[in-house]
Amino acid sequence: MAKTELRKNVKTEVEDRSSLKGTLASVFLLGFFLIVSWVGVFFLFLDRF
Amino acid sequence: MHMHKFEKVWLIFGVGTLLVFLTVLGVSAFYLGNQPPSCLATIDPEKVETQAPFNEPGLKKVEGKAWDYELVFVAQAFNYNPGDVEIPFGATVKIIATTKDVIHGFEVAGTNINMMLEPGYISEHITTFDKTGEYLILCNEYCGAGHHLMTSKIEVVES
C-alpha cells in the first residue's frame, strides 16, 4: 500500500537559476521614461506663465 | 527573506523617486505657498455684480501688494466681462474670477492659467506676464448651447 508522505521538513532546493538582467533593464527603462516625461512637463510648466 | 540584489536596486530606486516627487510637491505647497485656484474664498452668486471687486471687472493697478495689478473677470453664459484686456509687459497680475450662473472654465490657451469657475466660489491665479502677444481665453467646461462662443482675449503689450 502506498504510504502517505507526512514528512514536512523536506528541503526543496530554491535555486536562483533565472537571470533578472532583462527585468532590471525593463524596469529602469520604464523608470527613466517616467522621469524624463515628468521633468519634461515640469520644465514646460516653468517656462510658461 | 531572500531578495534578489536587482530587486533591492529597483525598489530603492522606485521609493527614492517617489520621495523626490513628494518633496517637490511639499516644497511647492508649504514653502512656495501654491494652492488650488479656488481655495475657500466664497461669494453669493446672485450678488456678484454688487460686490467688490466684481462690481468693476477689468484691470486695476494696486499698491503695496506682492502683485502690481488685479484683473477681475466675471463669467456668465456665454461671455466674459471684460471681453478684451491689455496687460503691460512684465506685470505681475492677480487674476480674480467668478461666475454668476453655472460652472465655466477659464483657460488662457498656451499658458499655465487654467481655472474652473464655480458659482459661489472665487478663483484666483497670480502670474507674471513676461511674454508679449495675444492670448485667447476659453471656456473649457461645457456650460450650454453657446459654450463654443465663450471667449475673451488678453493682450500683453510693451508699455
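Predicted model: local features only at pLDDT ≥ 70, side-chain atom pairs only at ≥ 80, totals over all residues.
A strand here is a DSSP run of E with at least two residues, and strands are numbered from the N terminus.

**A closer look at B:K61**
- Skip the neighbours within four places in sequence, and B:K61 is in contact with B:D68 and B:Y69.
- Going from B:K61 to B:F89 takes you 28 residues along the sequence and 14 Å through space, C-alpha to C-alpha.

**The largest nonpolar core**
- This core has 24 residues, and the ones touching the most other members are B:L71, B:F73, B:A75, B:I95, B:A97, B:F106 and B:I154.
- Several strands of chain B give two or more residues to it, among them β3 (69–76), β6 (92–99) and β11 (151–157).
- The largest share comes from β3(B), with five residues.
- Take B:A75 as an example: leaving out neighbours within four places in sequence, its contacts are B:Y80, B:A97, B:T99, B:H104, B:F106 and B:L117.

**How chain B is divided**
- Chain B splits into domain 1 (1–34) and domain 2 (38–157).
- The centres of these two domains of chain B, taken over C-alpha atoms, are 37 Å apart.

**Where the chains meet**
- Chain A brings ten residues to the contact, and chain B brings 13.
- On the chain A side, six of the residues are nonpolar, two are polar and two are charged.

Definitions and conventions:
Residues numbered from 1 in each chain as written. Chains lettered and ligands numbered in written order. Core = buried A, V, L, I, M, F, W, Y, C linked by C-beta atoms within 7 Å. Buried ≥ 20, exposed ≤ 12 C-beta atoms within 10 Å, placed from the backbone. Helix = DSSP H or I, 4+ residues; strand = E, 2+ residues; numbered from the N terminus. Contact = placed C-beta atoms within 7 Å. Nonpolar A, V, L, I, M, F, W, Y, C, P; charged D, E, K, R; others polar. Domains from an automatic or database assignment.
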